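Take a look at the sequence and structure, then read on.

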Amino acid sequence: MLAKDNIELGEVLFTIPRSALLHQGTTKVSALLEKEKSTLESSSGWVPLLLALLYEYTSSQSHWRPYLSLWTDFKTLDHPMFWSKEERDKLLRGTGIPKAVDTDLANIRKEYTDVALPFINKHPDLWNPSTHTLELYTQLVAFVMAYSFQEPQAEEDEEDEDDDDDEDEEKAPNPPMMVPMADMLNHVSQHNANLEFTPDCLKMVCVRHIRKGEEVFNTYGEMANWQLLHMYGFSEPYPSNSNDTADIPITDLYEASKQGIQSDLDRQLIEEQWEMVHELIQEKEAFVFGKHGCLTDTELHTALKVLCLSKQEFSEFIENEGWEEVDEDDEAISFSLSNDGLPELKAAWKSLIHKTILLTLKSYGDDEDRDRALIEDQAALSKLSSRQQKALQVRFGQKSILYKLLELIGS
């Protein structure tokens with residue numbers, strides 16, 4: 001979408017009435033989906049929407065046909081889930097995407113087989129397993145990932161939830177919905193428009209002056225390149241994504257903490273410390289670094305503090321059931337693991353982070369020089385396939401963050 005004239009901050013670009021939104025509450029089969037919603041529960045929460053889209057997309061009489069006719073050809077969807085496993089594992093090695101896609105595909109198959117297909121078979125007047133196949137279901141999942149919108153929980157709902165003593169868990173997020181017009185806009189991290197939700201309608205509002213002829217960009221959120229490629233099928237060219245991140249798997253920190261251990265006593269101490277780390281930070285799988293420092297600073301700070309205790313200090317920690325002294329405040333912890341604070345960390349902490357980053361970098365393979373040469377040579381970059389280019393942007397962005405960390409903490 002291009003601006004035909006200058007657009008000022010705060011200007012409403014377009015408005016979408018809620019009656020024009022496509023979701024399980026507005027589809028022709030909404031009453032049936034509502035009536036049998038207890039049989040459509042799944043970990044994703046998307047089954048009612050996907051069944052609605054399966055029905056509307058394949059119905060020649062659909063009320064939504066004018067909108068559906070604008071949808072992209074599903075064969076052009078290029079999420080990594082549509083790449084071969086060999087291509088994913090080769091091009092996206094170390095990025096975390098292959099594992100995420102394998103999990104997605106397993107969950108989609110299970111959801112379709114265990115939840116959607118029995119419902120489809122139960123209602124042959126509306127759905128047909130030979131038309132509404134696993135392949136189409138998977139394509140619709142990818143399309144919803146790339147083009148849907150999710151309405152934030154209303155603040156008053158969150159307050160009501162806090163007051164409800166019977167609710168132990170957070171309220172489930174709103175299911176996604178298809179938003180005509182808004183789904184035409186592309187994303188960049190430095191966007192100039194944003195979708196706002198009101199009780200009666202949705203509004204696309206200008207959040208930064210847009211000059212005549214410029215493209216109007218929405219935001220899908222603060223998304224790293226690996227998330228953009230995984231969920232939307234594209235990545236921002238390096239180094240333009242200000243929200244890019246790199247993950248350091250907690251298993252790499254574990255392996256780094258064991259390096260150089262020779263005695264059984266030291267090995268036992270590390271194992272006990274790791275049990276404590278898992279207890280304190282629970283199910284954290286990775287520590288996340290952005291372009292300005294650690295985004296999971298509290299968890300990493302806790303892990304480093306425990307792992308770098310001497311045997312005596314760890315014994316006192318166990319005996320006292322925690323830290324004896326008043327711990328640092330959140331702001332101090334955040335600064336200590338920011339780009340400005342990392343060079344001032346204790347030597348033992350920097351050494352452990354350094355060893356961990358080297359292990360993480362190994363997971364990408366030995367193509368750093370080649371990747372850098374391609375990034376810096378536009379002619380060579382343009383000769384790569386679209387998938388090779390997108391994968392390169394993800395890989396190189398992540399490795400750049402990790403190499404920057406090595407510079408900051410020294411050897």
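## A salt bridge to start with

Lys-37 has a relative accessible area of 47%, so this residue counts as partly exposed; that label sits between buried, under 20% relative accessible area, and exposed, over 50% (1.4 Å probe, protein chains only). The term salt bridge here means a side-chain nitrogen of Lys or Arg within 4 Å of a carboxyl oxygen of Asp or Glu. Count them up by this rule and you get 20 salt bridges.

A word on what you're looking at: this is a predicted model, where local features need pLDDT of at least 70 and side-chain atom pairs count only at pLDDT 80 or more, while totals for chains, interfaces and linings use all residues. Residues are numbered from 1 along each chain as its sequence is written, and side-chain values use heavy atoms, with hydrogens and water left out.

## A buried charge network

Now for a salt bridge between Asp-367 and Lys-399, whose closest N and O atoms are 3.1 Å apart. This pair ties together distant parts of the chain, 32 residues apart: Asp-367 is in the loop between helix H14 (347-362) and helix H15 (368-376), and Lys-399 is in helix H17 (residues 386-409). Both Asp-367 and Lys-399 are buried. Helices and strands are DSSP runs numbered from the N terminus, with at least four residues for helices (H or I) and at least two for strands (E).

Asp-371 and Arg-395 also meet through their side chains in a salt bridge, at 2.9 Å from N to O. Again the link spans distant parts of the chain: Asp-371 belongs to helix H15 and Arg-395 to helix H17, 24 residues apart. Asp-371 has a relative accessible area of 0%, so it is buried, and Arg-395 is buried as well, at 5%. Through shared partners, salt bridges join Asp-367, Glu-368, Arg-370, Asp-371, Arg-372, Arg-395 and Lys-399 into one network.

## A three-stranded sheet

In what order do the strands of the open sheet come? They run S8-S9-S10, 3 strands with antiparallel pairing. Strand S8 (246-249) and strand S10 (293-294) are at the edges with a single partner strand each, so one side of each has no neighbour in the sheet. Two strands count as paired if DSSP finds at least two bridges between them.

S8 is joined to strand S9 (residues 286-290) by 4 bridges, and Asp-247 stands opposite Val-288 in S9. On to the next pair: S9 and S10 are antiparallel over 2 bridges, and they form a hairpin with 2 residues between them. Within this pairing, Phe-289 has Cys-294 in S10 as its bridge partner.

How enclosed is S9? Largely, because 5 of its 5 residues are buried.

Glu-271, Glu-272, Glu-275 and Glu-279 form a negative surface patch. Patch residues have over 30% relative accessible area and no salt bridge, with like charges joined within 9 Å and nonpolar side chains (Val, Leu, Ile, Met, Phe, Trp, Tyr) within 5 Å. Accessible areas come from the Shrake-Rupley method with a 1.4 Å probe, and for residues only the protein chains shown count as cover. Glu-272 lies in helix H10 (residues 264-281) and is partly exposed, at 33% relative accessibility.

Definitions and conventions
Lys and Arg count as positive and Asp and Glu as negative; His and the chain ends are not counted. The place of a charge is taken as NZ of Lys, CZ of Arg, CG of Asp or CD of Glu.
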